[in-house]
Amino acid sequence: MRRILKRHEVVADEWRHLGEDATDADALIVPLADLRKEPAVWQARSGRLGLRIAPAESVESLADLLPHVALVAVEFPNVGDGRGFSYGRLLRDRLQFKGELRAVGQGVKQDKIFLLARCGFESFELPPEENADEALKALRRYDVVYQPAEPIEGIRRQRFFA
Amino acid sequence: MYRYDDLDQAFVDERVAEFRDQTRRFLAGQLSEDEFKAVRLRNGLYIQRHAPMLRIAIPYGLLSSRQLRKLGEVARRYDRSFGHFTTRTNLQLNWPNLADVPDILEQLATVQMHAIQTSGNCIRNVTADHMAGVAKDEVDDPRPYCEIIRQWSTHHPEFTYLPRKFKFAVTGSPEDRAASEVHDIGLHLKRDEQGNLGFQVLVGGGLGRQPIIGQVIREFLPVPDLLSYCEAILRVYNRYGRRDNIHKARIKVLVKSLGIDRFREQVDTEWQASRATAPRLEAAEVDRVRSHFVPPAYEELQNFDAAAGREPEFQAWYRYNTREHKVSGYRAVFVSLKAHGEAPGDMTSDQMEAVADLADRVSFGMIRVTHSQNLLLADVRQIDLYAAWQELKQLHLATPNIGTLTDMIVCPGLDFCSLANAGTINVAKQIQARFDDLDYLYDLGDIEIKMSGCMNACGHHHVGHIGILGVDKHGEEWYQITLGGSVNGFSALGEVIGPSVPQKDVAATIERIVEVYRTQREDGERFVEMVHRVGIKPFKERAYASHSEAA
Ligand code: SF4
């Protein structure tokens, strides 16, 4: 079973991605394109529903779907693609998404975890070569920040406020 | 100057600890080249032609004597006792050991310095006018805003993995001494009709392969909106800037493809939607930062002619290497890093330490690095000028050539940079040798030569009055020459005069070009003005005319 980092803990993942072994009752993450094709089919499942977006997809277009999903997975396909940082903030600040916001993909590295958490991500699917315990430490790497963003545990000082 | 508070200091300390851990993981094989690259670049560390290169941030070019002394010490202890100042007013060390870099950063943190975000696809060191605070024509001192931008952009949660690098420049005077029009965002301090301070905002300027002059996106942005508005620009860029092609990834390409009006609309829409959650710049915070930039304790002095009755050599230095100061009895003094025979912008550890000492004695212990790769002692009493000159002369830092043709901007080129096509430093020395006659230089007046070793344009060749670009022709170094570039408030990109020339002919070609100017200029006309008046044709005719003559 996949282990993920979630809210300062390494835990067993309750979610499956489409294509992985899953029963009708399992929580399932479906790519946006598939979800768009047959929304009723996916929503009719008994298990919880999550959606996954790629960097080139528009977050604004998710507005109608968000009330029906418990999780949004944002893809970070490589080390450099940072569009997902903006998507995190937009999902939280503008679209008011209160469910689980998850970072997935090859680009989810321990050295980015702190910034991802500041952009509203609360769970992280680390690529297999990443060490989850070290990533957990990285979440607490800084106790001071300059910008207003998602407040995370352990921050004692901030400079600018919204 | 700005002094770190507990937050600033804690941040750089935590950053050093993080990078120490990352370096350890890399050396232990736990971090791939690719991943380490992303983090080392954001800490100023390149892997260059011969060795790693560490680019140390000098925010808006301002240094205390203690910091400059530390730079000298670090360069001696961890490098070959010299460093190279860049057009972004940073200092590059060319030979540090990778394993020593965490120690170097720890040393720097003891004097409130760092190398954070001096490279990588993130918001880079912000630059300002080197005459900030002492220029007569200043609306307001740009440095407090630079410092605010430095802090806001540091370790930004959303904008640390941008499509490409992102550069800010802030100016406070009508005369643009910071090349702000070729920055991703250029901010010009101004007042509105009610006297409120704000900024004219330019966006989408830049050099590189596709040089573009920035365009006005907003005529007046009130100070409290500075950060929220910049966040809106950055968010539009982070989302829609191209990531498929590194050469098309700068914001200038996005602005150009949308057109400034559509880009402005997108930014405004984003700004309206995000203002409430974006950082607000409170007056109290502006005041806090401004209080670090109060003018030094100037004495009440009269202006006097320091050059009168002195030897011609001092008079020349006074004329070329010092500038008017807004406070009577003072002048700003350039420390020329353009000695003939030396690589432009290079400085030895001994020189750094000596200049730090000099600054303590004659310029309130402060030093500035200029965009043109020199240093500036901004607040020197006129009665101290002669003694300061004597010291600087001893140090080989008094070549009276500021603003002349040999005050060239030159990137490191083949000697250090792995992207280079050309040995720019050799060509610079060739030019210095050919133009060694100071009277001839003075007669030519204000001519800016800017030279880059490749298309990346770190030497800003497009905006040099004379631009020189190294190109590779079948494995040989050739040089393309442009004329008529400029960045001082009426920015223009230079025009290519014709086929590139081989390395050995560069200096001679430049000489033929300036001879056209010398013999055909109108009264009082500067070189670049003549180029704009007559076009490049007469220069072109002469530039290539004489291979046979020369033989
Ligand atoms: S212009 Fe090219 S050669 Fe010169 S420093 Fe920049 S990348 Fe290197």
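1. Two strands pair if DSSP finds at least two bridges between them. By that rule β14(B) is joined to strand β15 (residues 375-381) of chain B by two bridges, and the strands run antiparallel. Helices (H or I, at least four residues) and strands (E, at least two) are DSSP runs, numbered from the N terminus.

2. Before going on, a word on provenance. This is a predicted model, where local features need pLDDT of at least 70 and side-chain atom pairs count only at pLDDT 80 or more, while totals for chains, interfaces and linings use all residues. Residues are numbered from 1 along each chain as its sequence is written, chains are lettered from A and ligands numbered from 1 in the order in which they are written, and side-chain values use heavy atoms, with hydrogens and water left out.

3. Back to β14(B), on its other pairing. Strand β3 (residues 62-64) of chain B is antiparallel to strand β14 (residues 366-369) of chain B, with three bridges between them. B:L63 has B:I367 as its bridge partner in β14(B).

4. Strand β8 (residues 185-191) of chain B is largely enclosed by the rest of the structure, because five of its seven residues are buried. Buried means under 20% relative accessible area, exposed over 50%, partly exposed in between (1.4 Å probe, protein chains only). Strand β7 (residues 168-171) of chain B runs parallel to β8(B) through four bridges, with B:F168 partnered by B:I185. Strand β9 (residues 197-203) of chain B is antiparallel to β8(B), with seven bridges; B:G186 pairs with B:L202 there. The β8(B)-β9(B) hairpin has five residues between the strands, and B:G195 takes a positive phi near 90° in it.

5. Most residues other than glycine have a negative phi, and most peptide bonds are trans. B:Y60, not a glycine, has a positive phi of about 40°; B:Y60 sits in the loop between β2 (52-56) and β3 of chain B and counts as buried at 8% relative accessibility. B:A457 has a positive phi too, near 65°. B:A457 belongs to the loop between β17 (449-452) and β18 (466-473) of chain B, and its 3% relative accessibility makes it buried.

6. Which helix holds B:Q432? The residue is in helix α13 (residues 424-434) of chain B, and at 1% relative accessibility B:Q432 is buried. Leaving out residues up to four places away in sequence, B:Q432 touches (heavy atoms within 4.5 Å) residues including B:K338, B:H340, B:E342, B:T406 and B:M408.

7. Finally, the interface. In contact are 51 residues of chain B and 40 residues of chain A. The chains bury about 3800 Å² between them, 52% of it on carbon and sulfur atoms; that is accessible area (1.4 Å probe) lost on being put together, summed over both parts. Between the chains there are 14 salt bridges, each a side-chain nitrogen of Lys or Arg within 4 Å of a carboxyl oxygen of Asp or Glu. One of them links A:R141 and B:D21 (3.0 Å, N to O). On the side of chain B that touches chain A, α1 (6-27), α2 (33-41), α5 (143-153), α6 (226-240), α8 (260-274) and α9 (283-290) each supply at least two residues. The most come from α1(B), with 13 residues.

Definitions and conventions. Buried area is the accessible area (1.4 Å probe) that two parts lose on being put together, summed over both.
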